[in-house]
Amino acid sequence: MKSIFKILIAVTAISSMVLSSCSYLDVDTYFEDTFRQDSIFNSTKNAEGYLWNTPKDFPDPGAIWGNSWNLGQMASDEITSKWRTGEFSGISFTVGEINSRNVPGSMNIWYKMYRVIRRCNTMLANVEQVGDMSTREKQVYEGYVHFLRGYAYYHLLMNWGPCLIVGDEVIPNSESAEYYNKERSTYDESVDYICNEFQLAAQTLPTAAQQSISLSDRPTKGAALALIARLRLYQASPLFNGGDAARRSFGNWTRKSDGAYYVNQEYDARRWAIAAAAAKAVINMDYYQLYTIDADPQNPYPLAPNVPTAPFPNGAGGIDPLHSYHNMFNGEGIIQTNKEFIWAMTSSNVSSYTRHSFPVYFGGWGGMAVPQRVVDCYLMADGRSIQNASDEYPYDADLTNTIGGSGKTLGSYVLKANVPKMYDNREARFYASIGFPGAVWQMNSASQDASYSNEQFWFSHDDVSGVTGAGNNINDYNVSGYSPIKYIHPDDSWASGKGNVKSAFVTNPKPFPIIRYAEVLLEYVEALNNVEGSETVELFDAISNEMVEVTITRDVAEMANYFNMIRYRAGLPGATEAQLSSKEEFQKVIMNERQIELFNEGYRVFDTRRWGIYLDEDANSSNWRGLNVDRDRTNTNNNEGFFDIVTINTQNIRDRIASPEMVLLPIPHDELLKVPAIDQNPGWDR
């Protein structure tokens, strides 16, 4: 998160400093040699300079593909490729090449997060010394510090699970080794601590409505509450709440000092109600809303007859489902005015990694591929699954059958006549997210050369978008026949310098949503769906800044209301009564909806683990299928067979492994040597 929180207070000596700390025990000696601690907190200017220099240690939130700070997309079951280099450490993890002695540099953020924590502790211990800072300014200052400290622990939790919590202590560097030898907290203790940090932040941080547009990178009250909601949902999920996955991965993992399980082994149904209340606290702020684009009355996106046409959010009336979804990600929308983005920032990683979707022939690196399983998750235009398609909106699995005629248009989206019917009649998010064989890539910025714009990419062996076009770049082609296009704008082009990327990635990187409102709605619905009976829990009221008691039940009308908003925005009907009436069936619907709505945003690797389906999904070869890209689309070379769906034939898929310990990263060996009391994550003692 190198650009996190625009540093508006220019303190040259601070912003230019380079720190080389390698452990949370180290002191920020460069700063403290340049400015004595009493100088840092001698003025508001210096104190705020120290505060807003601190986030430089957070990774770019958009680094979810190459050089990712966590397991990332390449370790999920959403994306694959032939690449096997240090850039794509997620792939290295899936083939068993990572252990405690070689955690990749981009993922090894352990010491940086403890450096953030130490700086936060320093600020909390000394902010009262700032003489020219008002009481209210100090409260806000402390709110930001609590947020940063919670966010640092959040990163540690997501990568390594249970945290080593140092509290408010500013760790000195003059004590004996025994002083620093601390044990880790349990997962629940860690989540509770982090959520408390975010709650302390929420009590003083401004709301998004109060935040200046020029400070849009800074976290708000809503961001703090939304991170609590995310963590409480994870804490309620099977991996961390006594499910089979918890026993499989952590059943024998206990703390030496007291024998406490690091991860809860007994199911606690109440946690779902706590998670629901946390998500509802964000909803109750009555500020955030799903992003929409008005329908073009001259060229509306067609809706199925069973889709309610009441004005959004009570139906899909008045909006363009395709652009309402796609424009959030492709650079067309503006972060500062998008009320769906609870917290977002621009990321050069997002823009630069669109190049990995474009074929080599068109200036890209061509190897980002989506498996057939993901393609099959997307619904038909009338909301049915492909397994239960209707006669009016049929699903045709025979890829040799094409749309025919003169093709068709869906608002501004064009399906050409030669496109297989498998890709017809699908929901708008499919067309916004998946580059399938025969899809038109507009590349409008390359329009001065007609051969580089409005091209159909097929990804077959004989096509310029496939192996033939890759030439000598033997790993730079799509291995499934499907490419992720969610972040690609119609103007984007990498075509041999004949175009450029919309919101050029050097000067104006594309937006990356750290948290968006759709996620919160899905969290709320999933939590409500799993509530048993009636639970009275506490909810944070953002208006009074106090905890209030609320009663949570599995309220079907409430679930339908918020779930259907997401469906309507996608131009789909809402959930059916049959789906809503069954907890088990609706959980499947929610899981599929998260796969679609949050596709390629970095959630999937965590979702499959927290749900306890990681081992089954990742090890199932049927989930790693795609088109036969080693074959031609035509039979001109007697090599026909591209439209056969086969297991993806790459070494990365053949070598892929899945085992219980792989739900977390191993703690780096060097850190274990520094603090021997830290227990390694289970299964990584090798």
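How many of the 10 residues of α4 are buried? The legends below, drawn from a predicted model, begin with that helix.

**View 1. Helix α4 and its buried residues.** Helix α4 covers residues 44-53. Of its 10 residues, 8 are buried, so the helix is largely enclosed by the rest of the structure. The buried residues are Thr44, Asn46, Ala47, Gly49, Tyr50, Leu51, Trp52 and Asn53.

**View 2. Helix α4 packed with helix α7.** Two packed helices are described by the angle between their axes and the distance between those axes. For α4 and α7 the angle is about 20° and the axes lie 11 Å apart. Angles under 35 degrees count as roughly parallel, so α4 is roughly parallel to α7. The crossing of α4 with α7 is left-handed.

**View 3. Residues in the contact of α4 with α7.** From α4 come Ala47, Glu48, Leu51 and Trp52, and from α7 come Tyr141, Tyr144, Val145 and Leu148. By class, 7 of these residues are nonpolar, none is polar and 1 is charged.

**View 4. The largest nonpolar core and Phe147.** This core has 131 residues, and Phe147 and Phe198 have the most contacts inside it. Helix α7, residues 135-160, gives the most to the core, with 13 residues. Apart from neighbours within four places in sequence, Phe147 is in contact with Glu197, Phe198, Ala201, Leu205, Pro219, Ala223, Ala224, Leu227 and Trp343.

**View 5. A second, separate core.** The second core has 71 residues, including Ile64, Tyr325, Leu415 and Met443.

Definitions and conventions
Residues are numbered from 1 along each chain as its sequence is written. This is a predicted model: local features need pLDDT of at least 70, side-chain atom pairs count only at pLDDT 80 or more; totals for chains, interfaces and linings use all residues. Side-chain values use heavy atoms; hydrogens and water are left out. A nonpolar core is a set of buried Ala, Val, Leu, Ile, Met, Phe, Trp, Tyr and Cys residues joined through side-chain atoms within 4.5 Å. Buried means under 20% relative accessible area, exposed over 50%, partly exposed in between (1.4 Å probe, protein chains only). Helices (H or I, at least four residues) and strands (E, at least two) are DSSP runs, numbered from the N terminus. Contact means heavy atoms within 4.5 Å. Axes are lines fitted to C-alpha atoms, for helices over the stretch in contact, and angles run from 0 to 180 degrees between N-to-C directions. Angles under 35 degrees count as roughly parallel, over 145 as roughly antiparallel, 65 to 115 as roughly perpendicular and the rest as oblique. A crossing is left-handed if the near helix is turned anticlockwise from the far one by less than a right angle, and right-handed if clockwise. Ala, Val, Leu, Ile, Met, Phe, Trp, Tyr, Cys and Pro count as nonpolar, Asp, Glu, Lys and Arg as charged, and the others, Gly among them, as polar.
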